[in-house]
Amino acid sequence: MKEFYLKKRLKCSNIEEPLPEFKSYSISIRSKYARKFYDEIGFSLSRKQRALKSVLSKEGKVRVEKFKNFILDGVKKIDISNIPSGHLYDIEVEEDHNFLMNDFILSSNCDGDEDCVMLLLDGLINFSKEYLPEGRGRLMDSPLVLTERIDPKEVDGEVHNMDICYRYPLDFYLSTLKCEDPKNIEMETIKDRLNTNSQYENLGFTQEVTDISEGPLMSSYKTLETMREKMELQLKIAKKTRAVDEDDVAERILKSHFIPDIIGNLRAFSTQKFRCVKCNAKFRRPPLSKTCPKCGGKIILTVHEASIKKYLGASYRILEEFKISEYTRQRIELLKMEIESLFKEDKDDLNVEDLGGQKKLSDFVS
Ligand SMILES: [Zn+2]
């Protein structure tokens, strides 16, 4: 600006006139806003507007194409491949031909390729054998084998027994009245379709649903906090259901849950490690010094009496309320005696000092 007036003054040789003073502002309009400015506002001077236009012509292509909150990725390459089976299932959304998957992948069909990629990546990126825990059950539900194609014959046998009729025959209902063995009732199951083309399609069902993934998102097993509540509600349902023998349910809870748990914890108690309260060092046997050799801290048990006795009270409540076989009753009685003999002389907050203290011979006899 200043240079412009200096030149002008030279030209007019009007040296005496003082240089006018202006405040000048500069605005920088960047990237796509320059285009917006050109289109919607523009300079009033056509010279400037032209200059802007020539700059805009050199404008680079936008690196990412945005669509509302999404970024559209360009297609880089299209490969056409043949499907060995010769056919392919697809779902299309009428009119739009588009839908969102997992709220971030936009697709125009549903032949499962996106699902495949996501599932494969989960196995390849999010998984390593290094992540597997050390203990028992470590391999459970881990993606150790990636299968490229699912053969219904190789799927878990349980589903082969699923019935696939659209309507149950009258014979079925009549047989239920006779408490017939399910094996004797003729009903088409998946097993009958294996190795035929119809193993993939036209599988019947009797109950119409609006959403295939509808159902409880969280079971009450998760919302009920204590084992006692879970047990009580399970037994309550058993009592209400006419087809269920509640005494049998109660006995099964004892045999397959409580008794193994009590036995397991008893075993864990006798083979437990010891721990320093201060530095958390673990010891296979309590040190003779009765204190931690590393920091002098107190040594305590890692398996506690309470965890062994946890289900004993609940087991007794079941024994009182339900008809339980004599054999199971005696097993619980025996466990109770074993627990009592183990903790007889000990105080509630058992520690190593109690175990290591000197005992009289009579202590073992009584
Ligand atoms: Zn310590």
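The legends below describe several close-up views of a predicted model.

Residues are numbered from 1 along each chain as its sequence is written, and side-chain values use heavy atoms, with hydrogens and water left out. Because the model is predicted, local features need pLDDT of at least 70 and side-chain atom pairs count only at pLDDT 80 or more, whereas totals for chains, interfaces and linings use all residues.

**Figure 1. Overview of the protein chain.** The secondary structure of the chain comprises 14 helices and seven strands. Helices (H or I, at least four residues) and strands (E, at least two) are DSSP runs, numbered from the N terminus. Of the 366 residues in the chain, 22% are buried. Buried means under 20% relative accessible area, exposed means over 50%, and partly exposed lies in between (1.4 Å probe, protein chains only). Among contacts between residues at least 6 apart in sequence, 49% join residues at least 24 apart; a contact means heavy atoms within 4.5 Å.

**Figure 2. Helices α8 and α11.** The axes of α8 (residues 227-240) and α11 (residues 312-321) come within 11 Å and cross at roughly 20°. Axes are lines fitted to C-alpha atoms, for helices over the stretch in contact, and angles run from 0 to 180 degrees between N-to-C directions. The two helices α8 and α11 are therefore roughly parallel to each other. Angles under 35 degrees count as roughly parallel, over 145 as roughly antiparallel, 65 to 115 as roughly perpendicular and the rest as oblique. The crossing of α8 and α11 is right-handed. A crossing is right-handed if the near helix is turned clockwise from the far one by less than a right angle, and left-handed if anticlockwise. Helix α8 contributes R228, M231, E232, L235 and K239 to the contact, and α11 contributes A314, R317, I318 and E321. These residues divide into four nonpolar, no polar and five charged. Ala, Val, Leu, Ile, Met, Phe, Trp, Tyr, Cys and Pro count as nonpolar, Asp, Glu, Lys and Arg as charged, and the others, Gly among them, as polar.

**Figure 3. Helices α9 and α11.** The axes of α9 and α11 come within 10 Å and cross at roughly 155°. Helices α9 and α11 are therefore roughly antiparallel to each other, and their crossing is left-handed. The contact joins A250, I253, L254, F258 and I262 of α9 with L312, A314, S315, I318 and L319 of α11. By class, the contact of α9 with α11 has nine nonpolar residues, one polar residue and no charged residues.

**Figure 4. The buried residues of α11.** Which residues of α11 are buried? They are L312, A314, S315, Y316, I318 and L319. These buried residues pack against α8, α9 (246-270), α10 (305-309) and α12 (326-343). An α-helix has 3.6 residues a turn, so residues three or four places apart point the same way.

**Figure 5. Helices α2 and α3.** The axes of α2 (residues 31-40) and α3 (residues 46-57) come within 11 Å and cross at roughly 140°. Helix α2 passes α3 in a left-handed crossing. The contact is formed by A34, R35, F37 and Y38 of α2 together with Q49, L52, K53 and L56 of α3. Five nonpolar residues, one polar residue and two charged residues make up the contact of α2 with α3.

Figure 6. S175 lies in helix α5 (residues 170-177) and counts as buried because its relative accessibility is 11%. With residues up to four places away in sequence not counted, S175 touches E180 and I185. N265 is found in helix α9 and is buried, with a relative accessible area of 17%. On the basis that residues up to four places away in sequence are not counted, N265 touches V303, S307 and I308.

Figure 7. P18 is placed in the loop between α1 (2-12) and α2. Is P18 buried or exposed? P18 is exposed, with a relative accessible area of 65%. The C-alpha atoms of P18 and Y5, 13 residues apart along the chain, are separated by 10.0 Å. K290 is placed in the loop between β6 (282-283) and β7 (299-301) and is partly exposed, at a relative accessible area of 35%. K290 and I300 are ten residues apart in sequence and 9.6 Å apart in space, C-alpha to C-alpha.

**Figure 8. Cysteines C276 and C295.** C276 is buried, with a relative accessible area of 0%, whereas C295 is partly exposed, with a relative accessible area of 32%. A search of the whole structure finds zero disulfides, a disulfide being a pair of cysteine sulfur atoms within 2.5 Å.
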